[in-house]
Amino acid sequence: MMDNLTPFLLHWAITALALWVASQIFQGIKFADTASLVVSALLLGFANAIVKPLLIILTLPLTLLTFGLFLLVINALMILLVSSLVKGFTVSSFWTAFFASIFIAVLSFVIGSFVLGGSMSHAVHMPHSGMWL
């Protein structure tokens, strides 16, 4: 279990860093304090892991019709969802969330490739025994 904790914490830190940089670049993204930034990064990770796949499945015809470009809208919706749930995190508009989500995805990928070295050995793995607890 401890083997999975380090990659999880690294992904969480990378997401928090990308969110902070996005808040410095995009005027419509604001964090009240560090705690709201950290909680937002954690919640964004959970939303991307749980809610986003469900939205992708539900909007699959629209995603196929737009050749995958609707996934950018889903990414923006994930940021808006997190901003509505976290008290100190505000996003001014959909378009701010849209362009910030592209920026956050690219920046997270770049930072992750440097920090994790592009190695798949740092990926978070689910238990193979079928026992989740």
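## Briefing: a bent helix and an aromatic cluster

Helix α2 bends by about 40 degrees at N48, the bend being the angle between axes fitted to the seven residues ending there and the seven starting there. This is a predicted model, in which local features need pLDDT of at least 70, side-chain atom pairs count only at pLDDT 80 or more, and totals for chains, interfaces and linings use all residues. Residues are numbered from 1 along each chain as its sequence is written, and side-chain values use heavy atoms, with hydrogens and water left out.

**Confidence**
- The chain has a mean pLDDT of 88, with 86% of its residues at 70 or more; pLDDT is the predictor's confidence in each residue, from 0 to 100.
- Helices (H or I, at least four residues) and strands (E, at least two) are DSSP runs, numbered from the N terminus.

**Helix α2 and S40**
- The 25 residues of α2 should span 36 Å at 1.5 Å a residue, and the 34 Å between its end C-alpha atoms agrees. The expected span is 1.5 Å times one less than the number of residues.
- S36, L37, S40, A41, L44, A47 and K52 are the buried residues of α2. Buried means under 20% relative accessible area, exposed over 50%, and partly exposed in between (1.4 Å probe, protein chains only).
- S40 lies in α2, which covers residues 34-58, and counts as buried because its relative accessibility is 0%.
- Leaving aside residues up to four places away in sequence, S40 touches L19, F31, V82, V86 and F89; contact means heavy atoms within 4.5 Å.

**L85 in helix α4**
- L85 sits in helix α4 (residues 70-85) and, at 56% relative accessibility, counts as exposed.
- From C-alpha to C-alpha, L85 and V39 are 9.9 Å apart in space, while 46 residues separate them in sequence.

**Aromatic pairs**
- The whole structure holds 8 aromatic pairs. Rings of Phe, Tyr and Trp (its six-membered ring) pair if their centres lie within 6.5 Å; planes under 30 degrees apart count as stacked, over 60 as edge-to-face and the rest as tilted.
- F94 and W95 are edge-to-face, because their ring planes stand at 75 degrees, with the centres 5.2 Å apart.
- F94 and F98 are tilted, because their ring planes are at 35 degrees, with centres 6.0 Å apart.
- F94, W95, F98 and F99 form one aromatic cluster.
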